[in-house]
Amino acid sequence: MTSATTHTTCPYCGVGCGVNAQVSAEGTLSVAGDADHPSNRGSLCSKGTALADTVGLSDRLLHPMIDGVRADWNTALDRVANGFAETIARHGPDAVAFYVSGQLLTEDYYIANKLMKGYIGSANIDTNSRLCMSSAVAGHKRALGEDAVPGCYADLETADLVVLVGSNMAWCHPVVYQRIVAAQQANPNKKLVVIDPRRTATADGADLHLPVAPGADVALFNGLLAHLAQAGFATELPGGAEAIAAAGQGGDIAAVADAAGVPAADLATFFEWFAATERTVTVFSQGVNQSSAGTDKVNAIINCHLLTERIGKPGACPFSITGQPNAMGGREVGGLASTLAAHMGFDRADTVQRFWDSPAIAGTPGLKAVELFEAIATGQIKAVWIMATNPLVSLPDADSARAALAQCPLVVVSDVMRHTDTADYANVLLPAAAWAEKSGTVTNSERMISRQRSFLPMPGQARADWQIICDVAARMGHGNAFAYDGPAAIFREHAGLTAFENTGERVLDLGGFAAISDADYDRLVPTRWPVPAREPLRAAGAMPARQNVDQLFIDGVYPTDDGRAHLVPVTPRGPTNDTTADYPLALNTGRIRDHWHTMTRTAKSERLAAHIPEPFVEIHPQDAAARAIVDGGLATIITAWGTATLRVIVTDRQRPGSLFAPMHWNDQFASSARIGAAANPAVCPISGEPEFKHTPAAIAPFAPAWHGFIYAARPLRLRAAAGIDWWTKVPGTRFVRHEIAGTATLEDIAAAARRWLGVAGRDVDWLEAADPATGTYRAAHVDAGHLEAAVFIAPEPARLPARRWLAGLFTGQPMAEAERAAVLAGRPPDESADTGPQVCSCFGVGRQTIRRAIENDGLDSVEAIGRALDAGTNCGSCKPEIAELLAEKT
Ligand code: SF4
C-alpha cells in the first residue's frame with residue numbers, strides 16, 4: 001500500500017517540473033513526472049527521475065551545533081540572535097549580512113529579506129542567484145523596466161526559430177530541450193541555432209552551431225542588430241537609433257564573423273534566418289550572464305527583439321532561463337541586494353516600509369555576492385548567516401572566501417548536510433528541512449508559481465528555513481512581525497506586498513492571492529503570474545486560465561517611466577582579466593548532465609554519479625599536444641587565484657585556446673577539484689555577476705608514478721592517506737569508489753594497501769598480485785565470500801580494468817566462485833557481463849551494451865536502440881551520447 005500522491009516540484013533546475021511523489025508502507029519513495037503540470041507535462045530528466053535516491057539521511061545534519069558540538073535549539077538560536085544584535089549595536093546594521101540561495105522557497109526568501117531590509121535595516125542580503133542570472137535581471141530592468149520574463153515555454157514550441165545562446169539546454173534544462181525537440185519533429189521547418197563556444201550535446205542537435213569566441217556575444221548580436229536595420233527593420237523606441245549606431249556596420253558580415261570568431265557563411269545564414277522568421281525566441285543562460293559584460297550581452301540580445309518587435313507575441317521573445325529552482329521566486333521577493341522587495345527598487349523604500357510597518361528600511365543597495373565576501377575579508381562584515389548554499393565551492397576565488405569565513409567572528413550556516421566545504425567553517429550550524437520535508441512555493445523560468453509540498457516528516461530536529469528565521473527575528477525583538485502560523489500566511493503577505501500601491505506600474509502583481517485561504521493554498525495548482533486581484537483566482541483548478549498571461553507586454557506598454565521599452569546601446573569589450581602569456585587559455589566552468597551544484601544530493605544517487613564519475617577538464621587536441629597532455633591522464637589548471645587537478649578529456653568539442661571544467665566537485669569528493677577556487681572574481685559592473693566563463697589559465701600535465709582505484713563496501717579515510725597524492729570519490733549505493741594517483745613505489749604501495757583498505761594488522765582473507773615488471777599491483781579483501789574492498793594500481797590509466805563489473809560485485813551477497821577467481825583480473829568471467837561506463841542513467845544502460853547492440857544486432861538509430869534497450873526512452877537526456885556511439889560506426 002502506498003500513500004496518496006503528493007504533487008510537488010523538482011528542487012533542481014529552473015525548468016520547475018511537477019513531480020508526483022508516493023511513499024510505500026515500507027517507506028520506499030517513488031517519483032514520477034506530474035502529467036498535469038504545464039511545464040513538464042509528465043516528463044522528468046535523469047536528475048528528476050532519480051530524486052528518490054537522494055532523500056536518505058546519510059550525512060544529514062539532524063541537530064544544531066555550536067563550534068562543532070551538539071547544541072539545543074534554544075541555545076543555538078540565542079547565539080545567533082545575540083550575535084547579530086550585538087554586532088548591529090556595536091557596528092551598525094551594515095556590519096551583518098545574509099547570503100541566501102535559489103534553493104530556498106519563496107516564503108523562506110521573503111522572511112529573510114523582510115528581516116534584513118525592514119527590521120535590521122540593511123540591504124546586505126544577497127543570493128547565490130547573483131552568480132547565475134543577475135545579468136538577466138539587470139538587462140531586463142534596463143530594457144523592459146522590470147525583471148519580467150516576457151514569454152513561456154510554449155513560445156519555444158510555437159517559434160519557427162529558436163536561438164540558444166550560452167545554454168547547454170540538453171544537459172542543463174533537459175525537459176524544456178525535449179519540448180523543443182518534439183516541436184521540431186512535428187514541424188520540420190522549425191530551426192534550432194546554438195551559439196556557444198563549445199560543441200555541446202545541445203549543439204549536436206542544432207541546425208546551425210556558431211562556436212562564438214569566448215566573450216564575443218555583443219559583437220555577434222550587435223552585428224545582427226545592424227544587419228536587421230539594414231534589412232529594413234526600424235524602431236522609434238527610445239535608444240533605438242543610438243543602439244543601431246553603436247552596433248556599427250552589420251553589412252560587413254566578414255568583419256562581424258571575424259570579431260565573433262565564427263565562419264562568415266554560417267553567420268550570414270543565422271542573420272538571414274533571424275531576419276526572415278517572425279516567430280523567433282532567443283533563449284539565453286549562464287553562458288551570457290556569467291561575464292564582466294553580462295548585462296550588455298543580455299541587452300544586445302533584447303535589442304534585436306525590440307527592433308523586430310518580436311516580443312509580446314506567441315512564439316516571439318527574448319527568454320532568460322534560470323539555473324536554480326527558485327531563482328525567480330528570490331527575484332520576486334527581493335532576495336538580491338540590488339532590489340528592495342516585490343520588484344520594487346530603493347526609490348520605493350517608503351512604500352515597502354509602510355506595508356511592513358517596520359522600524360527601519362534599507363535605503364540603498366547592499367553588497368553583492370563577491371563584494372559581500374570581500375567585505376567579510378576586510379572585517380566590514382562581522383556576522384554572516386549563510387542559508388542553503390555552499391559558497392566556498394560556488395564563489396569565484398573561493399579560497400579567498402574561505403579565508404574570509406575563517407576569520408569572521410560569527411558564521412551561521414543553515415543547511416541540510418552535516419559536512420560541506422562551507423559548513424566546516426560555521427560557528428553555528430542549524431539543521432534545515434530538505435526537499436521532501438519542505439512546504440511552500442517556487443517560481444520557475446516561465447513565471448509559473450508551483451507548490452512544493454512536504455511528504456516526509458522532518459527528521460531529527462530539522463526545521464523549515466522560514467521558521468528558523470522567524471525564531472531568530474523574535475529573539476531580536478521582532479516577534480509580532482514574524483508570527484506566522486505557516487507558509488500560507490507568508491505567501492499571503494508576499495502577494496499583498498506585490499499589489500500594495502501597485503496601480504499597474506509593476507507587472508509583478510499577485511494581488512489575487514493576497515487573501516488566499518490556507519485550504520486554497522494547499523490546493524494551489526501551477527499558476528503563471530501576474531495574478532492581479534481583479535482576475536479570478538486559479539486555485540484548486542476551479543478557475544479557467546486567464547487570457548493573455550502567457551506573454552507579457554502584448555499591449556506594447558512597459559513598466560518604465562515613459563511606458564515604452566528601451567533599446568540599450570552597447571559596445572563590445574573584452575573581459576576584465578584577459579589571457580596573458582602566463583595564462584594563455586580561457587577557462588570556462590559550468591554544469592554537467594547528472595550532477596547538481598555541489599553534489600550534496602545528486603552524489604547520493606549511484607546512477608547519477610556513474611554518468612561522469614570524475615571531475616574533468618576538456619581541452620582541444622592542439623592545446624593538449626603542445627603541453628604533452630594526454631587523454632585520460634591528469635592535468636593541473638593554474639590560474640592567478642588557484643589550482644585544480646582533473647582528469648583530462650582531449651576533444652575538438654572545445655575551441656582551441658579554451659578549457660572547460662565542471663563546477664560541481666568540491667573538497668568532500670576530490671582532493672583538488674574545487675574549480676571555484678581557480679575562477680576569476682571579476683564581475684559585471686552593472687549586475688555584479690562573476691566572470692565564470694573567462695578565467696585566464698595555464699594547464700600542465702600532472703604526472704604521478706601510478707594511477708589506480710579502490711572499491712570498498714564501507715567509507716574509507718583517504719584524505720590523509722600516505723602515498724596517495726590525488727583522489728576523487730565516486731559514491732555508490734553499496735560501495736564507495738576512489739580513483740587515486742600517487743608517487744609511492746610499488747613496494748610502498750604493497751605495504752600501504754592494507755592501511756588504505758582499513759585492514760592493517762588484521763588477519764583477513766587477502767588476495768594479492770604484484771608485478772614489478774609491469775608496475776601493476778592488485779589486492780582484494782574478501783570476508784565470508786563477500787568482496788569488502790579492492791585496489792588496482794597501474795602505471796597508466798588505460799592499463800586499469802573497467803570499473804562497472806567490479807561495482808556489480810557489491811551486492812550484499814557472497815561472490816560466486818568464478819567471480820572470486822576473476823576479482824584480481826578485474827574482468828568478468830563472461831566478457832559480455834561488462835556493460836561499460838553508464839550512458840543512460842534512467843535505465844542504467846552502459847556504453848558497451850549499446851556498442852554491442854549496434855555491432856551485433858545492427859541497430860542503426862537512437863529510436864531502434866531505445867526500443868531494444870530502453871536507453872533514451874525516459875528523459876531523453878542521453879540521446880546525444882547514443883547518437884555519438886552510432887556515429888562511431890559510420
Ligand atoms: Fe528537475 Fe530535470 Fe525538470 Fe530540471 S528538467 S526541474 S532537473 S526534472
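## How two helices cross

In this predicted model, helix α3 passes helix α21 in a left-handed crossing. Here α3 covers residues 106-120 and α21 covers residues 487-499. Their axes come within 9 Å and cross at roughly 65°. Angles of 65 to 115 degrees count as roughly perpendicular, and α3 and α21 are therefore roughly perpendicular to each other.

Which residues in α3 and α21 meet? From α3 come Thr106, Glu107, Tyr110, Ile111 and Lys114. On the α21 side, they meet Pro487, Ile490, Phe491, Glu493, His494 and Leu497. Sorted by class, the residues of this contact divide into 6 nonpolar, 2 polar and 3 charged.

## Around the ligand

Now let's turn to the ligand. The residues around it include Cys10, Tyr12, Cys13, Val15, Gly16 and Cys17.

How many residues of each class does the shell around the ligand have? There are 9 nonpolar, 2 polar and 1 charged residues.

## Confidence in the model

A word on confidence before you look at the details. The protein has a mean pLDDT of 93, and 97% of its residues reach 70 or more.

One stretch to look at separately is residues 536-548, where the pLDDT is below 50. Beyond near neighbours in sequence, this stretch has 25 contacts in the model.

Technical notes. Residues numbered from 1 in each chain as written. Predicted model: local features only at pLDDT ≥ 70, side-chain atom pairs only at ≥ 80, totals over all residues. Heavy atoms only, no water. Near = heavy atom within 4 Å. Nonpolar A, V, L, I, M, F, W, Y, C, P; charged D, E, K, R; others polar. Axes fitted to C-alpha atoms, helices over the stretch in contact; angles between N-to-C directions. Helix = DSSP H or I, 4+ residues; strand = E, 2+ residues; numbered from the N terminus. Parallel < 35°, antiparallel > 145°, perpendicular 65-115°, else oblique. Left-handed = near helix turned anticlockwise from the far one by under 90°. Contact = heavy atoms within 4.5 Å. pLDDT = per-residue confidence, 0-100.
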